[in-house]
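I opened this notebook to record, entry by entry, what I looked up in the structure. The entries begin with one residue and its contacts, and then widen to the chain.

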Amino acid sequence: MADTRISHIELDDATILWRNADIEQERRIAIFDLIEENLFKPVRAFEAGFEGPYTLRLSVQDGRLSMEVSDKAGQHLETLVLGLGRFRRPIREYFAICESYYQAIRKATPQEIETIDMARRGVHNEAAELLQERLEGKVETDFPTARRLFTLICVLHIRG
């Protein structure tokens with residue numbers, strides 16, 4: 001029976017140059033939620049007979065997202081590479097809105113925080129849809145999984 005999910009995820013720490021407590025918390029939550037519930041079915045590996053679960057290592061190299069997919073024992077199955085050019089604007093917008101959100105949590109009214117959070121969710125949702133588009137034909141995934149993966153892609157882009 002197929003187990004098309006990510007059972008372990010790792011970020012390339014060499015890619016992450018800096019992160020503050022807020023970003024670290026976002027990373028922990030995204031990884032925890034992703035492992036708890038996700039749909040991740042790499043098409044080529046699945047068609048070759050491997051039905052999961054999968055381990056995933058994410059890194060950014062030369063402006064491209066590298067998604068190294070392995071089996072549970074660590075046997076490499078495939079590496080998916082996505083150009084990140086179309087993600088530059090959503091990542092930049094997401095960082096700006098997150099910074100406003102973190103500042104607002106400390107001193108804004110509940111209504112102001114809610115407004116900023118709605119904008120943050122909107123950018124996050126659009127980026128998740130874009131990620132699903134870019135993964136089409138390579139990885140079958142659902143919206144919540146794409147959303148959490150986008151959070152982790154953002155963490156990989158922090159430059160201090």
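**Entry 1: Ser-70.** I listed the contacts of Ser-70, where contact means heavy atoms within 4.5 Å. Neighbours within four places in sequence aside, Ser-70 touches Pro-53, Tyr-54, Thr-55, Gln-75, His-76 and Leu-77. I noted that the model is predicted: local features need pLDDT of at least 70 and side-chain atom pairs pLDDT 80 or more, whereas totals for chains, interfaces and linings use all residues. I also noted that residues are numbered from 1 along each chain as its sequence is written, and that side-chain values use heavy atoms, with hydrogens and water left out.

**Entry 2: its cover.** Is Ser-70 buried or exposed? I found Ser-70 buried, because its relative accessible area is 11%. Buried means under 20% relative accessible area, exposed over 50%, and partly exposed in between, with a 1.4 Å probe and protein chains only.

**Entry 3: strand E4.** Ser-70 belongs to strand E4, which covers residues 64–71 and has six of its eight residues buried. Helices (H or I, at least four residues) and strands (E, at least two) are DSSP runs, numbered from the N terminus.

**Entry 4: the partners of E4.** I looked up which strands pair with E4; two strands pair if DSSP finds at least two bridges between them. Strand E3 (residues 54–61) runs antiparallel to E4 and is joined to E4 by eight bridges. Within this pair, Tyr-54 has Asp-71 of E4 as its bridge partner. Strand E5 (residues 76–83) is also antiparallel to E4, with seven bridges between them. Here Leu-65 is bridged to Leu-82 of E5.

Entry 5: The hairpin of E3 and E4 has two residues between its strands. Asp-62 counts as exposed, because its relative accessibility is 74%. In the hairpin of E4 and E5, four residues lie between the strands, and Gly-74 has a positive phi near 95 degrees.

**Entry 6: a cis bond.** Which form does the peptide bond from Gly-52 to Pro-53 take? I recorded this bond as cis, with omega near 0 degrees. Pro-53 sits in the loop between helix H2 (43–47) and E3, and Pro-53 is one of the contacts of Ser-70.

**Entry 7: Asp-33.** I then turned to helix H1 (residues 21–36), which holds Asp-33. Asp-33 is partly exposed, because its relative accessible area is 29%.

**Entry 8: the whole chain.** I counted five helices and six strands, in the order β-α-β-α-β-β-β-α-α-β-α along the sequence. The C-alpha trace spans about 55 × 30 × 25 Å along its principal axes. Of the 160 residues, 41% are buried. Among contacts between residues at least 6 apart in sequence, 64% join residues at least 24 apart.
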